[in-house]
Amino acid sequence: MTGKIARKSNLGRTVGVGLGAIVLLPIGLISGFTFDVSGVLVLLSRLPAGAVDPWALAGTLGAGAETTGIVSAAAFGLAASSVAGVALAYLAAFFMPHRGTRPERGNGMRRKMFILPHERITPEKEAGIRSCLSFLSQRRRDIHSIVLVGSAAYGADVNGSDIDVVVICGDRGHEAVLEIVCERELAESLQGEQERKYEYTVLSASQAEEQFRMASPFAQSIRHGVVLADDGYLRSLFNAGHPQRPGRQYVMTALSDTITVQYYGSLEALKKERKERRCSDSCCVKRKGYAGLSPLNLMAKTAMRMLYVTLPSRGYVPLTKSDVVEFVRDAYGEDEARAAGQAVSILRNDTASLSYPDEKLLKRFAGKLFEEILGIVGMKRDVVALLKDAARMIRGDYRNLENRHFRACVL
């Protein structure tokens, strides 16, 4: 608020000075010419006869009076109008709405985080989801919180959307809850195609707290989700004063765990298939039944993961995949929004292919995001080592890996 008032005060002061020069200076001129004559006549009436030439003195005094009147009136006008402008600016700062919350396109770091408004899920849908989650009651004593996140939490889900559920457990009961969730997922897969697919994320209390300390977008999803059950744990977690914007630790964790190898791997797979099919800009358009390149699911998933790094760094908090597309349009442009929309469509519909021109658009956008993330963390020694290890992973050179996460994947 202080910075906003200061900006409006400076503007008010500038406008006030301008008004003082334009409006009140003529008043000073008129008053100077009017009242200097009266003052000179009064002074002349008090002089002894013959002391000086009255007309010469009258001219001198008149010029001085005019100058004094002009300067005094101008100075008073500038000061008064400046004070008035500042006062009006302060009033405007308090009573006028501030429109600077939404991040501007292409703008980097923003102080405030922007979240699109969403309505809460209807009571009927919430009751149906609660019924499907009743199997968790057998381990209720081990569970702190159950939170519905994503598009289903706001009734914004569409055909193909998953129902995303976060379960936060005590550290001791984490394994037990994971076990019953895995059993549930296995049973659902054996039953065949489900009308709505449930995606479960089971966190221990320490894992949840780590997400909030890193200010990950997943923590924002929990904060703004629909709480289906809680023993008071979430209240203490929300009030702990964690940062709102992801820091370097979160970006490095995302790079090493879910982005770097997947990004390089999808590029290699696409390059290999493109070479085998001898693709060109028109090969996927002219030939009927030619669906296009297939290993795009990983590329789409990696692009979305990168957007959950770059968008929060720019001041956006996406709570749904639709939010991601809207924010990309605002931050990057229309072509990039189309690429993000393609990624969302691939993930929602489990699309295995895309035309060659659209694949190039998605790949170019993913490369742009990858470079932006590297710019956020800086090309320091640990980042360079991470990129080298990712390249070794793609080549199958597992013996020389230095990153412990990569070693754990292959050893």
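1. Start with what α4 sits against: in this predicted model, the buried residues of α4 pack against β1, β2, β3 and α5 (205-213). The residues in question are H174, V177, I180, V181 and E188. They fall on the same side of α4, because they cover an arc of only 140 degrees around the axis.

2. As for the helix itself, α4 (residues 174-190) lies across β1, β2 and β3 and runs at about 170 degrees to β3. From first C-alpha to last, its 17 residues reach 25 Å, close to the 24 Å expected at 1.5 Å a residue.

3. On to the sheet: it is open, with four strands in the order β3-β2-β1-β4 and mixed pairing. β3 (198-204) and β4 (226-230) are the edge strands, each pairing on one side only. On average, neighbouring strands are turned by 20 degrees against each other, direction ignored.

4. α3 (residues 123-132) also packs on this sheet, touching β1, β2, β3 and β4. The direction of α3 makes about 40 degrees with that of β4.

5. Last, the β1/β2 pair. Strand β1 (residues 143-149) and strand β2 (residues 163-169) are antiparallel, paired over six bridges. If you want a landmark, I146 stands opposite V167 in β2.

Definitions and conventions
Residues numbered from 1 in each chain as written. Predicted model: local features only at pLDDT ≥ 70, side-chain atom pairs only at ≥ 80, totals over all residues. Heavy atoms only, no water. Pairing = 2+ DSSP bridges. Helix = DSSP H or I, 4+ residues; strand = E, 2+ residues; numbered from the N terminus. Axes fitted to C-alpha atoms, helices over the stretch in contact; angles between N-to-C directions. Contact = heavy atoms within 4.5 Å. Expected span 1.5 Å × (residues − 1). Buried < 20%, exposed > 50% of the residue type's maximum accessible area, 1.4 Å probe, protein only. Arc of directions from axis to C-beta.
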